[in-house]
Amino acid sequence: MSDGDFERVLGLGDDALIAAQRLGEWCSRAPEMEEDIALANIALDQLGVARMLLTYAGELEGRGRDEDDLAFLRDDREFRNVQLVELDNGDFAVTMAKLLFLSVYQHLLYDALASGIDPRLAGIAGKARKESAYHVDHSALWAVRLGDGTAQSHARMQAAVDAVWPYTHELFEGQAAPLRGQWLVHVDKVLAEATLTRPADGWAPGGGRRGVHTEALSRLLADMQVLHRAHPGATW
Amino acid sequence: MVTVREAVSAVRDPEIRVITIAELGILRDVTLVDGHVTVTITPTYSGCPAMDVIRQDIVAAAHDAGYDDVDVRTVLAEPWSTDWISDEGRAKLAAAGIAPPSKRAAALTLSVRCPLCGSPDTEQLSRFGSTACKSLWRCRACREPFDLVKTI
C-alpha cells in the first residue's frame, strides 16, 4: 500500500471524526428534544465510521498507531479533514447547511467506494452509505423547513448557505472531483424546494487535506483531546 | 447441555432486551474447531455503542456453556439489514411496544401500525429515536408515542 492510500483514508476518517465532534456539541443544547437526539445519533454514526476508517488508516501506515493514537495524539497540522467540518456550529441553520453539504457528499462517496477495488474500504462504505442516506434526509428536511418557512428563518438559512458554500469546493479536490456534478444536482433540488438561492462560486478556501486548517480546528482539538493528553492511555 | 451455538444465540441485545442477537440478525456465524470458538457478528449501525457489551456477553455466554477459548470477530460485509430480523424477533419487538421494521421491498407502501393499539393512523415525530436503529413515532388514535426500528 502506498502513502497515498494512508493519506486518503485518514482524510475520510478525519472528516467523520471532526464532524462527529462538532455535532456532539449540540447535545443538550438543540432547539428541541427530538433534534437533540437526532444530532447526537448522527454524531454517533459519524464517530462509528471514523473509528473504522482511522483503524484502517493506522494499519495502512504500518507504524502501530491505532484509532486512539490518531484521534487524540496528533496536532492540528497533522489532521487531513476538509475545513467544512471543523467550522464552528454557528446557529442551527449553519449546522444544517454544513450537514446537508457534507452528507450529500459522503453519501455519493460511500456509494462509489462500496463498489470500489479496496474490499476493506468497500465494507466500511457499504455500511456507512445506508446511514448517510438518513443524514441527507434529515438535513434536507430542515433546509426546506427553514428556507421555505418564515421571512426570518428564510433569511437565516440563506445566510448560512452563503457563509458555508465556499468551503464546499474543497470536498471535490483530488479523487472526489467527478462527484461534484451529482452533488450539485442533489443540492440544487433541495435548495430549490427550500426557495433558497445557490450562491455564486468564487472564493474557495482549501488546504485541509494538506494540514492547513482554520483556527476553529485548534479549539475543537483542545476540547476533544484534553483528557487523553492529560491522562495518556486512560480507559473507562 | 447446550451447544455453544445455542448459548451464544441466546445472548440478548443490551439495549433492546426482549430480542436475542440471533433474532436481530447480527450473529453471523459460530464455529467450533478443536475446542476453539469463533463467533462472527456484524453491527446494526457503524457507531452502535452496544457492540462492546455484546462482545463481552458472548464471551460470558460461551464461558457458561463450558468454552473459554473464544474469539469474537466483527465483519461489515454484507452490511446488516433489517430484513435479517427474524419473524420471531419481529413478533417480540411488537409485543414489547416497538414497531418492527417493514421489509425493504415494501417499505414505501406500508403504513406504520401502532404496536400498542394496532391503528395505522400514526405519524413520525423524529427520524432518530432512543437508539441508533430506531425512529420516534406517535399514534394519532391512542396518542401514545412509540419506537419504530428503522428499515435499512
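Trainee: Which residues are buried in helix 7 of chain A?

Mentor: This is a predicted model, in which local features need pLDDT of at least 70, side-chain atom pairs count only at pLDDT 80 or more, and totals for chains, interfaces and linings use all residues. Residues are numbered from 1 along each chain as its sequence is written, and chains are lettered from A and ligands numbered from 1 in the order in which they are written. A residue is buried if 20 or more other C-beta atoms, placed from the backbone, lie within 10 Å of its own, exposed if 12 or fewer, and partly exposed in between. By that criterion the buried residues of helix 7 are A:Met157, A:Gln158, A:Ala160, A:Val161 and A:Val164.

Trainee: Within what arc do the buried residues of helix 7 of chain A fall?

Mentor: An α-helix has 3.6 residues a turn, so residues three or four places apart point the same way. The arc is that of the directions from the helix axis to the C-beta atoms. Seen down the axis, the buried residues of helix 7 of chain A line one face of the helix, because they fall within an arc of 155 degrees.

Trainee: Which residues are exposed on the other side of helix 7 of chain A?

Mentor: The cover over the buried residues of this helix includes helix 4 (83-86), helix 5 (92-114) and helix 6 (119-147) of chain A. On the other side of helix 7, the exposed residues are A:Ala151 and A:Gln152.

Trainee: How many helices are there in chain A?

Mentor: Helices (H or I, at least four residues) and strands (E, at least two) are DSSP runs, numbered from the N terminus. Along the sequence, chain A reads α-α-α-α-α-α-α-α-α. Chain A has zero strands, and its helices number nine.

Trainee: What percentage of the 236 residues in chain A is buried?

Mentor: The C-alpha atoms of chain A fill a box of roughly 55 × 40 × 30 Å along the principal axes. Of the 236 residues in chain A, the buried share is 43%.

Trainee: How far apart do the C-alpha centres of domain 1 and domain 2 of chain B lie?

Mentor: Domain bounds come from an automatic or database domain assignment, which for chain B gives domain 1 (4-74) and domain 2 (82-149). The C-alpha centres of these two domains of chain B are separated by 25 Å.

Trainee: How many residues of chain A are in contact with chain B?

Mentor: Two residues are in contact if their C-beta atoms, placed from the backbone, lie within 7 Å. Chain B contributes 15 residues, and the number from chain A is 21.
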